Amino acid sequence: MREQILFLLLIVIDTQLSVHNLYLIGYRYHQWMKSEELLKLTASEPLTLEQEYQMQRSWWEDNDKCTFIVLDKAKWMSGSCTEEDCMLGDVNLFLTDSEDLSMAEIEIMIAEPSYRGKGFGKEVTMMMMYYGVTQLQITKFQAKINLENTISIAMFRNMHFDEVSISHVFQEVTLLLMVDNCRKKWLLEQMNWVKEERYSEIKQRLEGDIQSAFVQQE
C-alpha cells in the first residue's frame, strides 16, 4: 500500500506532514457528496454550491474543526492533474466538547471506490490521530458511524476502539478510544517517519521541476 503515494490537505496552516505516502495540505471543494451512497454512509445532507462554499469558509474560521483531503501524490507529482483530480477522500477532527478539549470526534471517508479496501482508510486515520495527539494534545477519540457502514466499524474496532452506545434513532454506533501512555507510544512508533514540510515550498519546487522539464524538451 505504501508504494502508492497519497497526500492529505491541511486547512488552517501552510504545513505539510509526510508519512512515506501521506502528506497534509488545505481543504478544497469536491463533488463527492452528490453520491447517494456517501451521503447515506456519512449521514450527511446534500449541499448546494453556495452552501458548500459557506461550509468551507467555516472550516477556515472555526477553531473547533480540522479537516484534511487525501490526494494521490503520484498523480499530483506528475503535474498532469489538478489537485481536485487527485483527491480521493477526506478525514476530519471535531472538538465537540468545549469543556474537554482533549476529546475529538474523528471521521474518515475514502470517497473514490477504486481506493477502497486497500488499507488507505486505516493509514489516513492513524495519521490524523498522530496529528491530534502530537499537535492538539488529544487523548480521547470518538467515532460515530452509520450502522450500515460495517467496513468502517470493523476498521475502528480493529484499532481498539470500544463500543460506547448504539442509537437506533440516528442509526449509528459510537466508538471510543482512550489514548493512554501505551497506545500513545505505539502510535508514535508507527508514525515515527513523519516529517513536516511547507506545502507552498513543495508546490513551488514541483512547478519548477515541471517548467525545467518543459524547457529541456524544447
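How are α5 and α7 oriented to each other: roughly parallel, roughly perpendicular or oblique? Let's walk up to that pair step by step. The model is predicted, so local features need pLDDT of at least 70 and side-chain atom pairs count only at pLDDT 80 or more, while totals for chains, interfaces and linings use all residues. Residues are numbered from 1 along each chain as its sequence is written, and side-chain values use heavy atoms, leaving out hydrogens and water.

The protein chain holds eight helices and nine strands; helices (H or I, at least four residues) and strands (E, at least two) are DSSP runs, numbered from the N terminus. Of its 218 residues, 44% are buried, where buried means under 20% relative accessible area, exposed over 50% and partly exposed in between, with a 1.4 Å probe and protein chains only.

Now to the helix pair. Helix α5 (residues 120-135) packs against helix α7 (residues 181-190) at an angle of about 120°, and their axes are 10 Å apart. Here axes are lines fitted to C-alpha atoms, for helices over the stretch in contact, and angles run from 0 to 180 degrees between N-to-C directions. The two helices are therefore oblique to each other, since angles under 35 degrees count as roughly parallel, over 145 as roughly antiparallel, 65 to 115 as roughly perpendicular and the rest as oblique.

On the α5 side, Met 126, Met 129, Tyr 130, Val 133 and Thr 134 meet Lys 184, Trp 186, Leu 187, Leu 188 and Gln 190 of α7; contact means heavy atoms within 4.5 Å. Take Leu 188, which lies in α7. With 32% relative accessibility, Leu 188 counts as partly exposed. Setting aside residues up to four places away in sequence, Leu 188 touches Tyr 130 and Thr 134.

Apart from neighbours within four places in sequence, Met 129 contacts Ile 106, Phe 141, Met 159, Phe 161, Leu 177 and Leu 187. Met 129 is also among the residues that touch the most other members of the largest nonpolar core, a set of 36 residues. Such a core is a set of buried Ala, Val, Leu, Ile, Met, Phe, Trp, Tyr and Cys residues joined through side-chain atoms within 4.5 Å. Helix α5 gives the most to this core, with nine residues. A second, separate core has 11 residues, including Trp 32 and Leu 206. In soluble globular proteins, nonpolar side chains tend to be buried together.
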